[in-house]
Number of protein chains: 2
Amino acid sequence: MMAPLCQANTTIVFEEKSLSVTRTLASYLTASRIDDIPEDIRHESRRSLLNYIGCAVGGSREPSVEILLSTLQPYFGKPTAGILARPERMDPLHAALMNGMTSHVFEYDDTLPKNYIHPSPPLASALFAYASANRVTGKDFIHAFLLGFETEARIGNAVYPAHYEAGWHITSTAGVFGAAAAVGKLLGLSVEQMIWALGIAGTQASGLRENFGSMVKYFHAGHAAKNGYVSAILAKSNFTAGPHSLEGPRGFAAVTAAKYDLSKITNGLGTKFQIRDNAYKPYPCGLVVHPTIDGCIALHQEHHPASADIVAVRVRVAPLVLDLCNKKDITRGLEGKYSIYHSTAVGLIRGKAGLQEYTDAAVNDPLVKRVRERVTAISDTTITEDQSHIEVELADGRKLVRFVEASIGNLGIPLTDRQLEDKLRDQASFVLPSAQIEKLIELCWQIDKLEDVGVLVQATVKP
Amino acid sequence: MMAPLCQANTTIVFEEKSLSVTRTLASYLTASRIDDIPEDIRHESRRSLLNYIGCAVGGSREPSVEILLSTLQPYFGKPTAGILARPERMDPLHAALMNGMTSHVFEYDDTLPKNYIHPSPPLASALFAYASANRVTGKDFIHAFLLGFETEARIGNAVYPAHYEAGWHITSTAGVFGAAAAVGKLLGLSVEQMIWALGIAGTQASGLRENFGSMVKYFHAGHAAKNGYVSAILAKSNFTAGPHSLEGPRGFAAVTAAKYDLSKITNGLGTKFQIRDNAYKPYPCGLVVHPTIDGCIALHQEHHPASADIVAVRVRVAPLVLDLCNKKDITRGLEGKYSIYHSTAVGLIRGKAGLQEYTDAAVNDPLVKRVRERVTAISDTTITEDQSHIEVELADGRKLVRFVEASIGNLGIPLTDRQLEDKLRDQASFVLPSAQIEKLIELCWQIDKLEDVGVLVQATVKP
């Protein structure tokens, strides 16, 4: 609801229950103990972190990362922190920013299909920055990560879909809360301080979807990581915020979502873990395009159509697909990630949609371009976001048809631990020698046992 | 309007004219020359800057400023920049943040009555930080300031009132654009780069009114200054953003305002200067309370009511007053700034509402508290935001009545240059010796003639 202006000399009255959402969450965060977290949930957090590390390593050499790093380098503080996969040292706040940028830039990161948050980049980026500058045990790290995850996922659930549909990049707007909660947990904030940390985080929540397809989209995740980190350290110093940042009439939910359900933040806290819903992408582009890619790859494997064979392609997809990925006339790899047309084309004629299919070269490949121009995408409300219907007309008159019921990597068909490892290998191979990659994978699975998570950060950097 | 979800395979079609708002603004900003700016406009900018400097000096020792500074100090970069009124050196981004905090913390800064932006803190804070680290002439400084002012004021006008009513702290959400435009002008951005600077700024726009009455409210202005500065330097390095950050379907206006008018950004650019509408507060609290304070002070001067004489007070005010300043049960000076009840009480029994009336001591003064508890505020749609109707019942049966038609300091009765100087003297006297204050005032009036604005920054610091 839009918070109304006060009328006459009345005050807006909220039920006591809804007025305590921020406090309830903060109380849970401060009271939670790692021993309360079941082993399968811990394992899912290791899977999330392994996937995150692969993205951060793989993305660490992107041109937009280089620009961000070299432009901000003159402003870096004392080199007490490191970032993932690069040798540069800096202050932990900029380290959080850089980690967020590198881990998100490939569009290969984890996704919550319930609300389209990419949960790990804003959260883990702050935590690894903190752990590179301060000694943190793996057990405490995993715990803080899970609590940050709960925080951002639940806040995202509460405001989704209205918040996302309005145009907010929910990864950063919800992510900043996750980073604040996680770093705040490591700092041992009191309940009051945690309320302030959430408040300082929420008042920095930002990120517009209008920037999808440009470099600053990836900056969003880093900005959220850095701002969440700042929120936690300021709160630790008793820098105050309002007490009702989530639920108040001018708070995050009311201001950024036309409709929201705050009970999703508090119901089942500590028993129903949101990380169970985390999904890992098999393709480095928006999740909503994945069912179409699955179908196109299957058609390729069966029929091997060449670019010149294809007369027309019609894909029927859920409305959100066109809302997010409707770029047709494109020239840059980055834009390809937001083009259902491009993904359809590479799936059909290359039979894959890996990192090499989203380079500038791939987007400008005449064979790909030819097919892309022949793709029509039809928004169909009877198709779910996990489905796709593909029809290909060939020059010889044949018609190839494929209906995808559920996409690989989504909740129904999750990537296995082994597939996640292979995904990390694929990304890290751009940056690290293979022996180091194997060592890194081992450390990710052993993270809870580390005495100092700084060791894992160090293991991502080429010696 | 809420940007709708795409339906079927249509794309949202915008008129070409409205799609060029960001580009039109960026083109104006890059093409403008200082010689195009009339002298009266330059004088108003000197008045704004003098008022700003007084606030930044006066606020530089507040407890919340000390917390922010000491907490972030370990993260500061190379000490290439200075802040106003304090000896600490740091990187220019943190300097922008600190200047924003100090200049806003007294609630004494300038205000645009058209949209309730406090325009100078986010804007001038970034510019003085830049000028402390880089040689900038006074002429270029004033020019950049005026262009930043146009930018934030016009963007504010375009989204006001829906944006503000929704709960956005418009000082920071619009201010970040002003800071980006101003620093971008000094950096000599191209049109494309200025479009990106505005885009990177807009995607960081944040600040929730839920935090009014807490420390982080003042951080908002600094956050906007810092983020605007970052936007400009990133754009200078060709770090890209979307091309339609203001007008796009997922851009700033559509996402943050239920109703907006983009023509207010572009109409009369370069001829109708928004700084003509700038107002300077005679009291360090929300502008909307000022007419009531004027009336209460007038009643005090006529009747000198003591606390014990007052049986009841009824004030009739515009609805926005209660929306913003409805805090009754208060214990901290900061909260007093958001209390129509407190301001009424100090006006009536102390006959003034200066910095000393908004301390913790003043708020907890039993004489003030007694009157505060007897004030009723009535929201009345027939009363404008520049008016107030006050009725005081005394123990001896007398009834004092006052109607304020227009408040001092607002556009109809602007503070004179001399009054602005006295306001600076009053604030700076907490921090600087009087000879230095007089020198500082002189420098403010001479700013266009300075070869290096760093001299002015230096003049605010006690040697």
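1. B:Glu107 sits in the loop between helix 5 (92-104) and helix 6 (120-133) of chain B. In this predicted model, B:Glu107 has a positive phi of about 55 degrees although it is not a glycine. Most residues other than glycine have a negative phi. At 2% relative accessibility, B:Glu107 counts as buried, because buried means under 20%.

2. Phi of B:Asn238 is near 60 degrees, a positive value in a residue other than glycine. B:Asn238 counts as partly exposed, at 37% relative accessibility.

3. Where are the cis peptide bonds? One joins A:Tyr160 and A:Pro161, with omega about 5 degrees. A:Pro161 belongs to the loop between helix 7 (138-159) and helix 8 (162-166) of chain A. In chain B, a cis peptide bond joins B:Tyr160 and B:Pro161, and omega is about 5 degrees. B:Pro161 is in the loop between helix 7 (138-159) and helix 8 (162-166) of chain B. For reference, most peptide bonds are trans.

4. A:Thr111 is found in the loop between helix 5 (92-104) and helix 6 (120-133) of chain A. Its relative accessible area is 1%, so A:Thr111 is buried. The side chains of A:Thr111 and A:His118 are joined by a polar contact of 3.2 Å. Leaving aside neighbours within four places in sequence, the residues in contact with A:Thr111 include A:Tyr116, A:Pro119, A:Asp277, A:Asn278, A:Lys281 and A:Leu287.

5. Strand 5 (residues 388-394) of chain A is mostly covered, with five of its seven residues buried. Strand 5 of chain A pairs in the antiparallel sense with strand 3 (residues 310-317) of chain A over six bridges, and A:Ile390 is the bridge partner of A:Val315. Strand 5 of chain A also pairs in the antiparallel sense with strand 6 (residues 399-404) of chain A, over six bridges. There, A:Arg402 is the bridge partner of A:Ile390. The hairpin of strand 5 and strand 6 of chain A has four residues between the strands, and A:Gly397 in this hairpin takes a positive phi near 95 degrees.

6. Helix 20 (residues 417-428) of chain A has twelve residues, which at 1.5 Å a residue should span 16 Å; its end C-alpha atoms are 16 Å apart, so the two agree. Which residues of helix 20 of chain A are buried? They are A:Leu420, A:Glu421, A:Lys423, A:Leu424, A:Gln427 and A:Ala428. These cover an arc of only 160 degrees around the axis, and therefore lie on the same side of helix 20 of chain A. The buried residues of helix 20 of chain A pack against helix 3 (39-58) and helix 21 (434-445) of chain A.

7. In helix 2 (residues 21-31) of chain A, the buried residues are A:Val21, A:Thr22, A:Leu25, A:Ala26, A:Tyr28 and A:Leu29. Their arc around the axis is only 160 degrees, which puts them on the same side of helix 2 of chain A.

8. B:Leu440 lies in helix 21 (residues 434-445) of chain B and is buried, with a relative accessible area of 0%. Not counting residues up to four places away in sequence, B:Leu440 touches B:Ile53, B:Val57, B:Leu432, B:Leu456, B:Ala459 and B:Thr460.

9. The contact between the chains takes 75 residues from chain A and 75 residues from chain B. About 6000 Å² is buried between chain A and chain B, and carbon and sulfur atoms give 62% of this area. A:Tyr75, A:Glu210 and A:Arg250 supply 13% of the area that chain A buries against chain B, more than any other three residues.

Key: Residues numbered from 1 in each chain as written. Chains lettered and ligands numbered in written order. Predicted model: local features only at pLDDT ≥ 70, side-chain atom pairs only at ≥ 80, totals over all residues. Heavy atoms only, no water. Helix = DSSP H or I, 4+ residues; strand = E, 2+ residues; numbered from the N terminus. Expected span 1.5 Å × (residues − 1). Buried < 20%, exposed > 50% of the residue type's maximum accessible area, 1.4 Å probe, protein only. Arc of directions from axis to C-beta. Contact = heavy atoms within 4.5 Å. Polar contact = N/O pair within 3.5 Å; in protein donor to acceptor, adjacent residues only side chain to side chain. Pairing = 2+ DSSP bridges. Buried area = accessible area lost by both parts, 1.4 Å probe.
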